[in-house]
Amino acid sequence: SVVYTFPHLTIQEFVAALAQFLTPDSHDITTLLIEAHGMTDARFEVFLRFVAGLSSPWSAWILEEFLGQFPHQTICRVIDWVKEEVKRRAGNTTSETGQRSLLNTMHYLFESQNPALVQQTLGSVETLSLSGLGLTPIDCAVLSHVIRPCDRIKRLDLSDC
């Protein structure tokens, strides 16, 4: 059996995401995303962000030069999964846990670099509350990127962030 080692966990997570993304059976990716996202300890969070990022045509075009065309069906399944997760989380922001979960799914939107996907998932949101969450500079950049195409947001609550 072959054992691969990586100098940093982030590289390992990227390679794992790439390997799953390029797996011929795209149906497995949906199951994998659901299972990984269901872990309560967030151990697969970076992996999930990498998978979402690989669905972006702008992020993938350099890799496709070396690896060949990314499976269209996989890209569609990843985008559908992100869409469902964001819609599910956007309706549950009354608790800090719900707000944190929405913010994490916004990172998937950011990584996808897909303004149309952002518009489809958050475009109808009129109130967005992340009050009380400790936002990192990266969270702020993600939030800025994600709410930019959302012209229906009338109230954005970032108090005590």
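Before the first stop, one cut-off is needed: a residue is called buried when its relative accessible area is under 20%, exposed when that area is over 50%, and partly exposed in between. Keep in mind throughout that this is a predicted model.

Begin with the aromatic rings, for which a search of the whole structure finds four pairs. Select Phe14 and Phe50, an edge-to-face pair whose ring centres are 5.2 Å apart and whose planes make an angle of 75°. Colouring the helices will show that Phe14 belongs to helix H1 (residues 9-21) and Phe50 to helix H3 (residues 45-54), so that the pair links distant parts of the chain, 36 residues apart. Phe14 has a relative accessible area of 26% and therefore counts as partly exposed, and Phe50, at 23%, is partly exposed as well.

Next, select Trp81 and Tyr108, which form a tilted aromatic pair with 5.3 Å from centre to centre and 40° between the planes. Because Trp81 lies in helix H5 (residues 72-90) and Tyr108 in helix H6 (residues 96-112), this pair ties together parts that are 27 residues apart in sequence. Are these two residues, Trp81 and Tyr108, buried or exposed? Both Trp81 and Tyr108 are buried.

For the last stop, move to Ser129, which you will find in strand S1 (residues 127-129). Its relative accessibility is 14%, and Ser129 therefore counts as buried. If you set aside the neighbours within four places in sequence and display what remains around Ser129, the residues in contact with it are Thr93, Gln99 and Asp157.

Definitions and conventions:
Residues are numbered from 1 along each chain as its sequence is written. This is a predicted model: local features need pLDDT of at least 70, side-chain atom pairs count only at pLDDT 80 or more; totals for chains, interfaces and linings use all residues. Side-chain values use heavy atoms; hydrogens and water are left out. Rings of Phe, Tyr and Trp (its six-membered ring) pair if their centres lie within 6.5 Å; planes under 30 degrees apart count as stacked, over 60 as edge-to-face and the rest as tilted. Helices (H or I, at least four residues) and strands (E, at least two) are DSSP runs, numbered from the N terminus. Buried means under 20% relative accessible area, exposed over 50%, partly exposed in between (1.4 Å probe, protein chains only). Contact means heavy atoms within 4.5 Å.
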